[in-house]
Amino acid sequence: MFVHAHPDDETLITGGTIARCLREGAEVQVVTCTLGEEGEVIGDEYALLCSGEADQLGGYRILELTRALEALSAAAPGPTVRPTFLGGAGRFRDSGMADMPSSKNPRAFVNADIARVAATLSELICAFRPHVVVTYDPDGTYGHPDHIRVHAVTHAAIDHAAATEWDVPKLYWAVVGREFARTATEALRDIPAGWDDSPESGLGRYPDGAITTRIDVTCVLEEKRSAMRAHATQVSVSRDGQCYALSNSIVQPILAEEQFVLVRVSSQAAPAPPGGGGDETDLFAGL
Ligand SMILES: [Zn+2]
């Protein structure tokens, strides 16, 4: 189970891992907490869907998420993954950044009671019974208030589920190593005109030495790129497929490795995953 804040996070942060899990026959549930109504739209075609205009972006992003999950499921032997929205589609609204009026909306995800939201997620956990749950680090992987809230809600839900029906064997934070991202960005060639090529990656902010788990997603990079293209209101993919940019036009590499920190192992899992010390290569190791 992957718990994410907005449509597109599942692909940008964990798309390769989702596709690999599916290709290898795992059942995957992607839980998305908001519709991403406050996202900034790239290009003119759908610009008037934004929250200050028609306010239809959230509904449109359900379609983008659906198509992205279809792309990530393309090589899977099992059924295509469908979106799961926490509390139902539209239950919680994208909070936007902390200083924006959207963060004051009573329906904003950050304004919902953590314990009640966690109980809702715990119901999904107890129904799906995942062996592995993936969420964000305490910084929300890149600092967005909804991501920080997803971290808190997921940890509370894991505790709630463990006390009732299902003790999740392994919990991970999805992260991007700072030096790893910087090196990959500096290695990019043929960056599209107009994109900002400063090597400060938006996602790469985690201390590389604290990463426990590295998933090689080389074999599913095409699925990941297709899923990124499905989020066209949010993501531009370069023609050569080596990099992408959000509406801020800052270039980011499409990474062939996704990184995680193993933060919790229940008694259901083996005492220590093989390798340990930063070289675990399988989220299901030890299970
Ligand atoms: Zn997000």
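Tutor: A polar contact is a pair of N or O atoms within 3.5 Å; within protein, one atom must be able to donate a hydrogen and the other to accept it, and residues adjacent in sequence count only if both atoms are side-chain atoms. This is a predicted model, in which local features need pLDDT of at least 70 and side-chain atom pairs count only at pLDDT 80 or more, while totals for chains, interfaces and linings use all residues. Residues are numbered from 1 along each chain as its sequence is written, and side-chain values use heavy atoms, with hydrogens and water left out.

Student: How far is the backbone nitrogen of Gly177 from a polar atom of the side chain of Gln259?

Tutor: Gln259 lies in strand 10, residues 257-265; strands (E, at least two residues) and helices (H or I, at least four) are DSSP runs numbered from the N terminus. Among the residues that Gln259 touches beyond four places in sequence are Trp173, Phe180, Ile211 and Gly177, where contact means heavy atoms within 4.5 Å. The side chain of Gln259 has a polar atom whose distance from the backbone nitrogen of Gly177 is 2.7 Å.

Student: Is Gln259 buried or exposed?

Tutor: Buried means under 20% relative accessible area, exposed over 50%, and partly exposed in between, using a 1.4 Å probe and protein chains only. The relative accessible area of Gln259 is 3%, so this residue is buried.

Student: Which protein residues are donors of the zinc ion?

Tutor: Donors are N, O and S atoms within 2.8 Å of the metal (3.2 Å for Na, K and Ca), and sites may look incomplete because water is not among the atoms. The donor atoms here lie 2.1 to 2.5 Å from the zinc ion. In sequence, the donor residues follow the spacing H-x2-D-x137-H.

Student: What is the arrangement of the 4 donor atoms around the zinc ion?

Tutor: Four donors count as tetrahedral if all angles lie between 85 and 135 degrees; four count as square planar and six as octahedral if opposite donors are over 155 degrees apart and all others between 65 and 115, and anything else is irregular. Ideal tetrahedral angles for four donors are 109.5 degrees. The 4 donor atoms at the zinc ion subtend angles of 55 to 143°, so the arrangement is irregular.

Student: Which parts does the pair Asp9 and His147 tie together?

Tutor: Asp9 and His147 are 138 residues apart in sequence. Asp9 is buried because its relative accessible area is 4%, and His147 is buried at 0%. Asp9 also touches His147, along with His4, Thr14 and Tyr136. Since Asp9 and His147 sit in separate elements, the pair ties together helix 1 and helix 4 (residues 145-164).

Student: What is the largest C-alpha distance among the residues that UniProt places under "binding site"?

Tutor: The UniProt record, an unreviewed entry, gives this feature at His6, Asp9 and His147; such annotations may be inferred rather than shown by experiment, feature names are shortened, and positions are given in the numbering used here. These residues are spread over 142 residues of sequence, yet they cluster in space, with a largest C-alpha distance of 9.5 Å.

Student: Where is His6 found?

Tutor: His6 has a relative accessible area of 5%, so it is buried. Its contacts beyond four places in sequence include Thr32, Arg61, Asp94, His144 and His147. His6 is found in the loop between strand 1 (2-4) and helix 1 (9-23).

Student: What is phi of Asp190 near?

Tutor: Most residues other than glycine have a negative phi. Asp190 lies in the loop between helix 5 (178-186) and strand 6 (213-216), and is exposed at 69% relative accessible area. Its phi is positive, near 55°.

Student: With which side chain does the side chain of Ser238 make a polar contact?

Tutor: Ser238 lies in the loop between strand 7 (236-237) and strand 8, and a relative accessible area of 3% makes it buried. Beyond four places in sequence, Ser238 is in contact with Pro192, Trp195, Arg229 and Cys243. At 2.6 Å, the polar contact of its side chain is with the side chain of Asp240.
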